[in-house]
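The following exercises are intended for a reader new to this structure. Each task is followed by a solution in steps.

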Amino acid sequence: MTSARTKRAPRVSSNSSHSLVRTRPNRKGKSRKRPYPLNLARKLTQVRLDLGLSQGQIANQVGVKDRASISGYERGEREPPLPVLLAYARLARIPMERLVDDELDLP
């Protein structure tokens with residue numbers, strides 16, 4: 001007598017060349033994080049205070065949608081995108097290198 005179960009086709013592993021699903025390579029061993037300037041948060045705060053602006057005001061000036069992002073940048077919890085760093089540097093009339101290079105101080 002035959003069983004009511006039907007035989008299933010063998011499973012194809014996800015890293016087989018026959019797989020139709022695209023998967024990301026396993027990169028758990030490698031860190032994608034790049035070095036972060038240690039003094040950036042302090043420098044961004046200093047630039048804002050030197051300009052006499054509130055967090056809300058500088059958010060408008062650099063093109064950030066809310067004050068909470070500026071707060072995160074100044075506490076070192078978030079890293080600002082390059083266009084925001086460039087906007088800070090232009091407002092302060094300093095080279096962007098001064099903001100991101102830990103060995104250089106603000107003027």
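**Exercise 1.** Determine what share of the contacts in the protein between residues at least 6 apart in sequence join residues at least 24 apart.

*Solution.* A contact means heavy atoms within 4.5 Å. Of the contacts in the protein between residues at least 6 apart in sequence, 48% join residues at least 24 apart.

The model is predicted: local features need pLDDT of at least 70 and side-chain atom pairs count only at pLDDT 80 or more, while totals for chains, interfaces and linings use all residues. Residues are numbered from 1 along each chain as its sequence is written, and side-chain values use heavy atoms, with hydrogens and water left out.

**Exercise 2.** State how many helices and strands the protein has.

*Solution.* Helices (H or I, at least four residues) and strands (E, at least two) are DSSP runs, numbered from the N terminus. The protein has five helices and zero strands, giving the pattern α-α-α-α-α along the sequence.

**Exercise 3.** Identify the buried residues of helix H4 and the helices they pack against.

*Solution.* Buried means under 20% relative accessible area (1.4 Å probe, protein chains only). In H4, residues 82–92, the buried residues are Val-84, Leu-85, Ala-87, Tyr-88 and Ala-89. They pack against H1 (40–51), H2 (55–62), H3 (67–75) and H5 (96–100). After H4 comes Arg-93, with a positive phi near 55°.

**Exercise 4.** Which residues does Leu-44 touch, not counting those up to four places away in sequence?

*Solution.* With that exclusion, Leu-44 touches Tyr-73, Glu-74, Pro-80, Leu-85, Tyr-88 and Leu-99.

Notes:
Buried < 20%, exposed > 50% of the residue type's maximum accessible area, 1.4 Å probe, protein only.
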